[in-house]
Amino acid sequence: MEQDLKLRLIEDKLNSGEVKHEDIVTLFLALQHQNFVLGNSLTNLVQKWPKVHPTINEVPAMFGILLETKD
């Protein structure tokens, strides 16, 4: 709900005609850079994630991941 309000305020400000073109370009480039950084971080995380998860008697090896346990 709060995000919707903030987005609406940004949209209203952009449509008011008081925003400089250079400011929009700067914002767009900063957001695109952040998008690339987050995408690269996720890619690295997935590539380095362990392929085989060892198990301990009835206790998951990693928090938040459900695994089968040895009997």
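**View 1. Two helices and zero strands make up the secondary structure of the protein.** Helices (H or I, at least four residues) and strands (E, at least two) are DSSP runs, numbered from the N terminus. The model is a predicted one, in which local features need pLDDT of at least 70 and side-chain atom pairs count only at pLDDT 80 or more, whereas totals for chains, interfaces and linings use all residues. Residues are numbered from 1 along each chain as its sequence is written, and side-chain values use heavy atoms, with hydrogens and water left out. Of the 71 residues of the protein, 0% count as buried, where buried means under 20% relative accessible area, exposed over 50% and partly exposed in between (1.4 Å probe, protein chains only). The protein exposes about 7100 Å², of which carbon and sulfur atoms supply 62%; accessible areas come from the Shrake-Rupley method with a 1.4 Å probe, and for residues only the protein chains shown count as cover.

**View 2. Helix H1 and the glycine that follows.** H1 has 14 residues and reaches 20 Å from its first C-alpha to its last, close to the 20 Å expected at 1.5 Å a residue, the expected span being 1.5 Å times one less than the number of residues in the helix. Gly17 follows H1 and has a positive phi, near 85 degrees.

View 3. A search of the whole structure finds three salt bridges, each defined as a side-chain nitrogen of Lys or Arg within 4 Å of a carboxyl oxygen of Asp or Glu. An α-helix has 3.6 residues a turn, so residues three or four places apart point the same way. Glu2 is exposed, with a relative accessible area of 55%, while Lys6, at 47%, counts as partly exposed.

**View 4. Arg8 and Asp12 in a salt bridge.** The closest N and O atoms of this pair are 3.0 Å apart, and Asp12 and Arg8 both lie in H1, four residues apart, about one turn of the helix. Asp12 counts as partly exposed at 36% relative accessibility.

**View 5. Lys13 and Glu18 in a salt bridge.** The closest N and O atoms of Lys13 and Glu18 are 3.2 Å apart. Lys13 is partly exposed, with a relative accessible area of 44%, whereas Glu18 is exposed at 58%.
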